Amino acid sequence: LAACGSDDSGSGKDDGKIVMGFAQVGAESGWRTANTDSIKASAKSAGIELKFSDAQQKQENQIQAIRSYIQQKVDVIAFSPVVETGWDAVLQEAKAANIPVILTDRAVDSKDTSLYKTFLGSDFVEEGKKAGEWLVENAADADVDGDGDVNVVQLEGTTGAAPAIDRAEGFADAIASDSKISISKSQTGDFTRDGGKQVMESFLNSEKGIDVVFAHNDDMGLGAIEAIEAAGLEPGKDIKIITVDAVKDGMTALSEGKINFIVECNPLLGDQLMDLAEKVVAGEEVPERVVTEETTFTQEQATEVLADRKY
Ligand code: AHR
């Protein structure tokens, strides 16, 4: 287990302070960094002792971290699952130990919803849908080579992760309303900048007439920009780019015209998470699902808000 951030020593429940064990996905993207910062800052201001671990995008590390939090008898466990499947056994162990679990950011596919108290995070299907709807509205402009078809390549997030599955689904549903738009290639870039760059390089080598990139996050879109520029093309003009997140680097590229549209995914979940944690530890009822409020940004809107963008 790769621990990072606050200390991981001692056990909970001694000094009356709530102790939370948080098993983070990793540090794969700008979004994730903002999410980690938000959780650490909110724990501090709520007076919650945080035990934080970074799973480096590996499910086995997250399971190990959760088991260690159970052993340490923390008051509450929160985590953002790397992938959707394979959590039942460890969640049953937490339940048997009477430790409430809160899912943040990403969902699990467990049939037994009593294994966790609540799920706080975005509606990823809706995010993919907003991206696809923008493309449908802007299809004429997005047919960059004017051949009558809009040829989309997709940079997927981590295979098996809820945002990768759901954004692909929402996007596919939305573009199904326009038969001119189709996805010719789709491959994972693991939500990283480097992954996006490498996959885009291979797409550019193997696929003729790419009009649009749909990247499941800003970081992969930013990697794609590097590959497109290296191929002597102009991102945002020769190839349109749609991404998800709206972190500062993504918003900067949007405002510079290198990205065409961003669907926001809000990483600032810390305050809501601490509030839910206090409630579940006190045995209070909490909603099963808390959906984050989010918007979308065009190039003009990004320019307007960029100076005040915090992350
Ligand atoms: O789960 C949220 C996703 O994970 C963000 O869109 C992405 O940037 C991150 O890695």
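Gly-270 touches Ser-38, Ile-39, Ala-41 and Ser-42, not counting residues up to four places away in sequence, where two residues are in contact if their C-beta atoms, placed from the backbone, lie within 7 Å. The structure is a predicted model, in which local features need pLDDT of at least 70 and side-chain atom pairs count only at pLDDT 80 or more, while totals for chains, interfaces and linings use all residues. Residues are numbered from 1 along each chain as its sequence is written. Gly-270 has its place in helix H10 (residues 270-281); helices (H or I, at least four residues) and strands (E, at least two) are DSSP runs, numbered from the N terminus. With 23 other C-beta atoms within 10 Å, Gly-270 is buried, a term that applies if 20 or more other C-beta atoms lie within 10 Å of a residue's own, whereas 12 or fewer make a residue exposed and values in between partly exposed, with C-beta atoms placed from the backbone. Although Gly-270 and Asp-37 are 233 residues apart in sequence, they are 8.3 Å apart in space, C-alpha to C-alpha.

Another open sheet of 6 strands has mixed pairing and the order E7-E6-E8-E9-E10-E12. Because strand E7 (181-188) and strand E12 (296-298) stand at the edges with a single partner strand each, one side of each is left without a neighbour in the sheet. Strand E6 (residues 150-156) runs parallel to E7, to which 7 bridges join it, and the bridge partner of Val-150 in E7 is Ile-181.

Helix H8 (residues 218-230) lies across E6, strand E8 (212-215), strand E9 (240-245) and strand E10 (261-264), and runs at about 155° to E9. Helix H9 (residues 248-255) also packs on the sheet, where it touches E9, E10 and E12, and its direction makes about 150° with that of E10. Within H9, the residues Gly-250, Met-251, Ala-253, Leu-254 and Ser-255 are buried, and their cover includes H8, E9, E10, E12 and helix H11 (299-305). Just after H9, Gly-257 takes a positive phi of about 85°.

The largest nonpolar core has 94 residues, and those with the most contacts inside it are Met-20, Ile-102 and Ala-277; such a core is a set of buried Ala, Val, Leu, Ile, Met, Phe, Trp, Tyr and Cys residues joined through C-beta atoms within 7 Å. Helix H6 (residues 162-175) contributes the largest share of this core, 7 residues. The residues that Ile-102 touches, not counting those up to four places away in sequence, include Val-76, Ala-78, Tyr-116 and Ala-277.

Of the 13 residues around the ligand, Ser-29, Trp-31, Pro-163, Phe-191 and Asn-217 come nearest, a residue being near a molecule if its C-beta atom, placed from the backbone, lies within 6 Å of it. Helix H1 (30-46) and E9 each supply at least two residues of this shell.

Note on methods. Pairing = 2+ DSSP bridges. Axes fitted to C-alpha atoms, helices over the stretch in contact; angles between N-to-C directions.
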